[in-house]
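Please read the points below alongside the sequence and the coordinates.

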Amino acid sequence: MIVCVAVVGHQNNPLYLQSFTEADDALKLHHIVHCSLDVIDERVSNPKRSAPTLNETFLGLLYPTENYKVYGYLTNTKVKFIMVTTDLDVKDADARNFFRKFHAAYVDAVSNPFHVPGKKIASRSFGARVSTIVKSFGSGTS
Amino acid sequence: MDPLRSYLGRILLEEITPVVMVLSTPLAEAACRKNGLSFVDMLSPFSLFKKIDVPVRTASEVPYRLQMFKIRMVYASDVRKEDCEVADEKIKPVVSEANEKALPDLLSDPPQAEDVLGKPEAELCPLWIKKFNRELMRTLSFSEHETFDHPVACLLVVSSMDKEPVNKFVDLFNTNQLPSLLNEGIMDPQILKHYLVLHDQQEGPQDIAVNVLAEMRSTLGLNDCKLLCINSSTEAGGSNADNSWLPYKALVLNNHDGSCILSVDDLNEIKDFMQDFVSNHIIPYMEQKIRVLNQQVATTRKGFRNQIKNLWWRKRDDVPEAPNGPMYTFTSIESQIRVLGDFAFMLRDYELALSNYRLLATDYKLDKAWKRFAGVQEMSGLCYFILDQSRKDAEYCMENAFSTYLRIGSSGQRNATRCGLWWAEMLKTRGQYREASNVYFRVSNEEPSLHSAVLLEQAACCYLLCNPPMLRKYGFHLILAGNSYFVSDQKQHAVRVYRNALFVYKQNPWSYINNHVHFNIGRWYGVLGILDVAIKHLLEVIACSHQSLTTQNMFLNDFFHYVQSMGKKFDVYKLQLPVFNMSSLKVLHEDHRTYASHADVGVSESTWQELEEELIPSSSIVKTNWLDTQPMRKYKDSCICVAGEAVKLSVELKNPLQIPVAVSGISIICQLSSTLDALSSDVSGLDLDGGEDKVNTEPSISMLETDGDKFTLSKLDIVLGGGESKRVQLDVTPKVEGILKLVGIRWTLSESVVGYQYFEFNAQKKIKKGKRGPHRSWNNSLVVIKGLPKLTGSIDRMPTKAFAGDLKLLTLNLRNHSEYAVKGIKMKLSNPRFLIPGDSSDIGLKFPHCLKRHVQSESSVVSAKTMKDNFKSLLFAFPQDIEIQAGAALSWPIWFHAATPGNVSLYISLYYEMGSSSDIKYRTLRMHFNLEVLPSLDVSFSVSTSSSRLQEYIVRMDVMNKTPSESFVLHQLSCVGDKWAVSALAACSSINSVETVSENQAVSYFFKIKDCEADSCKEAESDSCTSDMALCPGSSTDLFDIARSPFVDFHHQERCRQVKMAKGPCSLLDFVLISKAVDNSSKPTPDFELLSHHTCHCSALSQNPIWWLMEGPRTISHDFSKSYCEANLQLVIHNSEAHKILVRVVTFDVIPEKTVHPHDSTSAQGGWYDVSLESDVKAISSSKSTHQEKRSSKSIPPYVWCSLSCAQIELQPDSCARVPLKVCIFAPGTYNFSNYELQWKVHLSEGPHVGENENRLSGGGLGYPFYVTVLQGV
C-alpha cells in the first residue's frame, strides 16, 4: 500500500504531500520525504551509479527504512516525485508505471493557467486523480 | 595513515590491555585511603607507559620493541560481568554531566549551516560522546567468551601492619573470594602472582616492612615480592605533593580532594615499582605463555594431519544446540587458542593473533558456538583493520560478527553494540561516513533510549561529514536523537540536538517539520526555565495556518503558558499574530481636503478634482504673494495634517489561525518632533534607513508611549475569529505643530504579548498613495500645521435604497467644530438629477404639503433658481451672508429625487473659506453617497392624433409596476407647461377602479390632451382646461404644483437628460406622473413616499405634416321621393409643418360602402397604434382598405361626389384651410364618405434642413371614415 506521495520542487520545496494512512503520521512522512531528498541529490550528483540509463527519470528505490520503501522519480524540470510504500516487494515496472501516471497528472495540474509555478499545488482535481492512481497501484499489485 | 594512530587504534591500545587483578588487605587499603585514594587509584596513573621500550619476542624468532603499553589494574571483586542495568546506570552520569556543560551553549544562538559544515570531526563529536562510547564498551568487560579481559597477573597487597603478612597472602588468594571466572574453570587459575608489602611511613619505621619482605621472599619466592613505602611526606608538605601529581593529574580520578601525604619520593617509588612489574614480570610472562600455547596449538591443530583429525573429531562429536554453544574450559584447545590470540593481540603481534582467530572461527562455527564465533570474528576484523591489509575482509568480519551477535538475541545485544561501535569507528577512519552512520543507526535500534540517542547523534554527525554532506539526514537523525534524549529525560541534550538541526529546515518551506522542531525546542526551553528563548522559538510556530485546530490550540496554549510564566509583558518585533497586511496600509490625513466619512476617501482623487474644478480657486489665486507661500513650499514634499485633527491609518489584519484571537490596544507608534528645523534632516534620514536598522535604532516602545502630551492615540480592541480578516482604523491626533512621524503599529495579543511592527519605507511604491494625491509619494512624515476650522457634514435620512421616482426633502447639516468661523460656502453636486439644493425658505416646510397647489397660484416662483445648464454637475453658492460660527451648525434643505433605476454614486463637495488667516485659505468637505435606485413604476406614453378633432390627442399611459411587493397609488398626471390640457376621455371619465397599481401589474390609461394654444383651430372651448389631472378620486383638490421649485428643477434636469433620446421634432410634450407608495401593512408610514415620474419629449404619433378632418352634418333627413339628397361637407386641412405645403384632394366614387358596421366605426375612432409600429400599422390599414376596395368594386356606389373631383390648395405654415365638398345620395342609409385621397408636398423654405425625413416631404393618405346617416324625410 502506498502511504504517501509527494511532489518536491526543484528548490527542494514541498509542492504536494499527501498521505494515505489513517494514522496521524504526517510529521513522520514529512521527515521521510525530506530525507529522501538527500538520496536523490546524491544520485543526481553521482550519476555513475545509474550510468546505464542516462536519461532515466525513474530513480528506483531510494532507501529502505524499517517499515517503508521509498521510491523516487525526477522530471526534466528537476521536480521530484517521491512515493513511500509499505509493500516490501514492489516490482520496478509497477513503480515506473505509477510514476508515469503521476507525472501525467502533475503536468496537467501545472498546466492550469491559475497554477503559480513553484507554489503548492492546490488543485482538488489533482488530488482526486492522485488518489485514484494510488488506489490502482494497490489493486494492481494484489 | 597508521591504523594504530587512528582513533580506533588508540581505543584498542588503551582498552584491550592486560588486566592485573588486585587483592589487598583492609589495612593496606586504609593506608592508601589517607590520601583519599584506593590502592588501585593510587597505582593506575602509573599503569600507562608512554615509552616503556621493552623488547618482545613472541612466536616468531624476531624480537620487536613495545613503546606504549598499558595495563589495567582491577580489584578482584570487580573482575566479573556486571549486571546490564547496573552498567547502564553507570553510563548515565556521563551523559548528564555533559548536560550541565551544554547549558551555557543553549543560551547562544543556534548554529548556522556554515558554522557546522566547517567544523572538524572532533568538535562535532564532543569528548563526552567518546567517553560514553568507551563506557558503553566497558559494560561488556570480563565476559566469558573473550579472554582479553581475563586477568593476566594477580597483585596481592598486604600492609606491613598486618599480622602474619605471609599468611595473609595465602588468605587473600583464597579461592572462595576469587572471581567466578577463575573458580568456574573458564580461565586458568594458575596465573602470575606478585606479592607486595605496603608500608605506611607514618605508622612506623621501615624496618618492620623490611623484615616482612625478607620473610616473604623466603617463603613466596625471591623475585615476586616487593616493598612499597608510601605516605612519607609530612602534613606541611601537602602542597608540594599536589604539584608532584601534576604530570599524572589528567589520569587521576576526580575524587582526589583529601589531603595528600604522598611525597615525590613515594610517587617515584610507585612508578619504579610499576615499571618493574610490567617490564620484568607481566610482559615476559605473556611472552612465555604465548610461546607455550603456540607450541601446544602447533602440535595439536597445525599441520594437515591435525586439521583432518580435528574435522573428523568434531564431526563425530554431535554438539547439542545451545545458545552459548558448548562449554569450553580453560583446558580446552579452543580456549587456549583464544588466549593465545588475545595475548598476541595485546602484545601487538597481530599476525599471530589473526591466524589464531581464523583457526578458532572455523571451530566455533562447526560447534555452532555463535557468540564465541562472533567474538572471534570481531577480533579478526580488528586485526585486519590494524594490519591494514584487506578492507573487505575487515568489513566482512565486522558485519558477520555484528549480525551474528544480533542473531543470538538479547544476550548478544550489547556485544553487537560494541562491535558496531568498533565497526563504525573503522569506517570513519577510512572516510566511509555514510556507512558508519548506517551502522550507528542500526546499533541505536538495539539500545535503550538514552544510548540510542547518543548513537543517533553520532549517526547524524557522520551524515554531516559525508561528502557532500547529507544535511537532511543529519537533521532527521538529530531529531530522532532529540526525541530519544527527551524520552530518557535529558532535556538539555534534546534541546541541543534540536537546535543543531534547526538550520537544515530553516530555508525550506517544510513547515510541518519546522513547526515541530521549533515547538519542541520552545517547549523544552520552557521546561528548562529559559523562558525568553522558549518564547522566541514558540513565536515561530504560533502563526501556523496549515496546522490542524488542535495543533494550533496546543501551540498557542503553550505559548501563552510560557508568556504568563514570564510574568511580564513581552515585546515581540514582527509578531506574526495577527498578520498585518502592510500592503493594505493606508494613511488618511486631511489637509485642505476633508472628508465627511471614511468611505469618501476611497473615491478616486480625480473624481473629486473634476467635481471641484469650478469650485475651488485655481492655485494661482491661493498664492496671493509668493512670499506668503514660502512656508508652504517647504512642506511640498511631505504631507500636511492639521493639529487637532486625527490622522487615520487603516490597515488590514488577518488571523491565520482557526482559533479566535483577542487583540487589544492596537495603536500607532509615532513620534512628534515639534521643531520645524529638524524637518529636513529628519525626513531625509528616515527615508534612508531601512527597516532592518530600525530594529536597533528605534527607541523602545515604552519611550514612544510617553509622548502623550503631544498627540493622542486611539486604542482599538478587537477579537478576530478563526481565519477572519478585518480592516481597522487607527487614529493619531497631533496636538501641537511639528513633524509627525508614523513609525509603526503596536498591539497586545491576549493581554500578554506586545507585538510591534515598523513600517518599511523601502516598499514605498507598494503603499503609494494614489488615492490621496496623484503627485505625492507617501512617506511616514507629516507636517502638522496650526489648527484650522473644519466642517463636518452629513445629510439627514439620506436613503441608500430608493424607488425610482422617489422624491424627498432632505437636510444637509453642517457643523463647525473648530473655534474659527467659516464663510464663503459653496457646494457642488455631481448629479443634479438626484440632488438639488433647496431654498432657505424651504426649511421648516412640511413635506409634501409644501408642494401642493395653493389657492393663490404663485407661479412667479418658477425658475427662481437658475440652472447652470450643466446637467453633469451643479454649482450652488450659499447666500453670501451665511457664515458658520465656531461651534455652530447650519442646516440646508436638499431635494432628492431618484431619477433612474440603477446604482448611482452621488458626490458633493463643499467649499468654505477660513474666517481667519491661516496656512490654508480654504478647505473642501467631500461627501459621497452610494445609492441603489430600484425600479418602481415604468411609465410610458404614447400619443396619437385624434381623428375626430383637430388639436386633440389621445394619450395612452402604460404604467407597469416593476416592484415585487409594493403598490402605488397614482395621484396625478400633469403636462408640463400651459400649452397642454389633459382630461379624461369622455367615455371613461372615471378611472376609479384602477387607482392602485399593485406589484407586477401593468395598467394602461387613456387620456385626451388638447393644445390650448392652437390658435389656428381655436374654437370656442370654454370648458376648463388644466394641465393637471387628478387620478385619485379624492385628490382633485390637493394636486401638486409641478411648477414649483423641486418639480420644475428636477423636470428641467430630466428634460436635459432625455433630450437625446427624443426623436420627433414636433409637438413635444412632457408628462409628470405623481404617485404615492401604498404601505401594504396596516401600520401608517411615517415617511410619506411620493414618487414623481417625468417623461419628456413625447411626440404625437402623427407623422404627417398635414392633418385633415371631415366636417359636416351627421344626420340628414331627406325626402328621396322628390329628389336625391345633396350633402355639404367640409374638409378641414391643417398644416402642422413649419413650411408651406401643397395639398391636393382627390375624390373618387369607385369605392362603394354597401354595408355599414357600426362596430367598425367605433373601433376605428378609438383606434390607437403604437408609435413604433407606425409603418406596420400603415401597411395593415392600407391593405385593409385595398381589400375592401376589391371586394366591393363591382357594386354601384350609393352616392357620388359632386362639385369637384380634385382640388389643390397651398397651406401656409401652421394654418388651416377648408375645402368644401358636396356629395349626392340616392337612397337613405348610412354612408361612409371616406373615399377621397390627399396628396401633399412640402415646400421647403430656404436654409439648411437637417435631419428631415425624406419621405415626409411628400405623401398621401386616404380619407378617414366619416359616417353620415340619411333618413327618409317626410
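The numbered points that follow give a short note on this predicted model.

1. Conventions. Residues are numbered from 1 along each chain as its sequence is written, chains are lettered from A and ligands numbered from 1 in the order in which they are written, and side-chain values use heavy atoms, with hydrogens and water left out. As this is a predicted model, local features need pLDDT of at least 70 and side-chain atom pairs count only at pLDDT 80 or more, while totals for chains, interfaces and linings use all residues.

2. Chain A. The chain has three helices and five strands (DSSP runs numbered from the N terminus: helices are H or I of at least four residues, strands E of at least two). Their order from the N terminus is β-β-α-β-β-β-α-α. Of the 142 residues in chain A, 46% are buried (under 20% relative accessible area; exposed is over 50%, partly exposed in between, with a 1.4 Å probe and protein chains only). Among contacts (heavy atoms within 4.5 Å) with a separation of 6 or more in chain A, 55% join residues 24 or more positions apart.

3. Interface of chains A and B. Chain A brings 20 residues to the contact and chain B 16 residues. About 1,800 Å² is buried between chain A and chain B, and carbon and sulfur atoms give 64% of this (buried area is the accessible area, 1.4 Å probe, that two parts lose on being put together, summed over both). On the chain A side, A:His31, A:His34 and A:Asp38 lose the most area to chain B, together 35% of what that side buries.

4. The rule finds three salt bridges between chain A and chain B (a side-chain nitrogen of Lys or Arg within 4 Å of a carboxyl oxygen of Asp or Glu). A salt bridge joins the side chains of A:Asp41 and B:Arg472, at 3.0 Å from N to O. On the chain A side touching chain B, β2 (14-19) and α1 (26-45) each supply at least two residues. The largest share of that side, 11 residues, comes from α1(A).

5. Cores. The largest nonpolar core has 199 residues, and B:Phe39, B:Leu155 and B:Phe345 have the most contacts inside it (a core is a set of buried Ala, Val, Leu, Ile, Met, Phe, Trp, Tyr and Cys residues joined through side-chain atoms within 4.5 Å). Helix α12 (residues 264-300) of chain B gives the largest share of this core, 13 residues. Apart from this core lies another, of 55 residues, including B:Met827 and B:Leu1090.

6. Single residues to check. B:Asn467 and B:Pro468 are joined by a cis peptide bond, with omega about -5 degrees; B:Pro468 sits in the loop between α20 (449-465) and α21 (471-487) of chain B. B:Arg797, not a glycine, has a positive phi near 55 degrees, and its place is the loop between β22 (791-796) and β23 (801-803) of chain B. B:Arg797 counts as exposed because its relative accessible area is 57%. B:Asn1000 also has a positive phi, about 60 degrees, and is exposed at 52% relative accessibility.
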